[in-house]
Amino acid sequence: MQKRPALEAILKSMYNQYKAHHSDRLPSELVVYWAGQSEGEMTRVMTDIVHGGFPDFFSQLRATPRWTFIMA
């Protein structure tokens, strides 16, 4: 899925900005609002992004925030 690299770049940028303004700490909670997917793409997003991309990304950062994913 082409969106996964873009999402990882966005998350990494967001984390770096957060750390810069919070004494090099990472956030403990994260909410992601995902919009614009068709019903047919929802399963792919859940598989590739929610169950694959997020855990992979957080393990690379050695971060364990609680996160909520909202798909509309």
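W34 is buried, at 10% relative accessibility. Buried here means under 20% relative accessible area, with exposed over 50% and partly exposed in between (1.4 Å probe, protein chains only). This is a predicted model: local features need pLDDT of at least 70, side-chain atom pairs count only at pLDDT 80 or more, and totals for chains, interfaces and linings use all residues. Residues are numbered from 1 along each chain as its sequence is written, and side-chain values use heavy atoms, with hydrogens and water left out.

**Aromatic pairs**

A pair of aromatic rings is described by the distance of the centres and the angle of the planes. Rings of Phe, Tyr and Trp (its six-membered ring) pair if their centres lie within 6.5 Å; planes under 30 degrees apart are stacked, over 60 edge-to-face, and the rest tilted. The whole structure holds 5 such pairs. Two of them are tabulated below.

| Pair | Centre to centre | Angle between planes | Class |
|---|---|---|---|
| Y15 and F57 | 5.9 Å | 75 degrees | edge-to-face |
| W34 and F69 | 5.8 Å | 40 degrees | tilted |

Y15 sits in helix 1 (residues 3-21) and F57 in helix 2 (residues 42-61), so their pair links parts of the chain 42 residues apart. Helices (H or I, at least four residues) and strands (E, at least two) are DSSP runs, numbered from the N terminus. Y15 is buried at 1% relative accessibility. F57 is buried too, at 4%.

W34 belongs to strand 1 (residues 29-34) and F69 to strand 2 (residues 66-71), so this pair ties together parts 35 residues apart in sequence. F69 counts as buried, at 17% relative accessibility.

**Cluster**

Y15, F57, F58 and W67 form one aromatic cluster.
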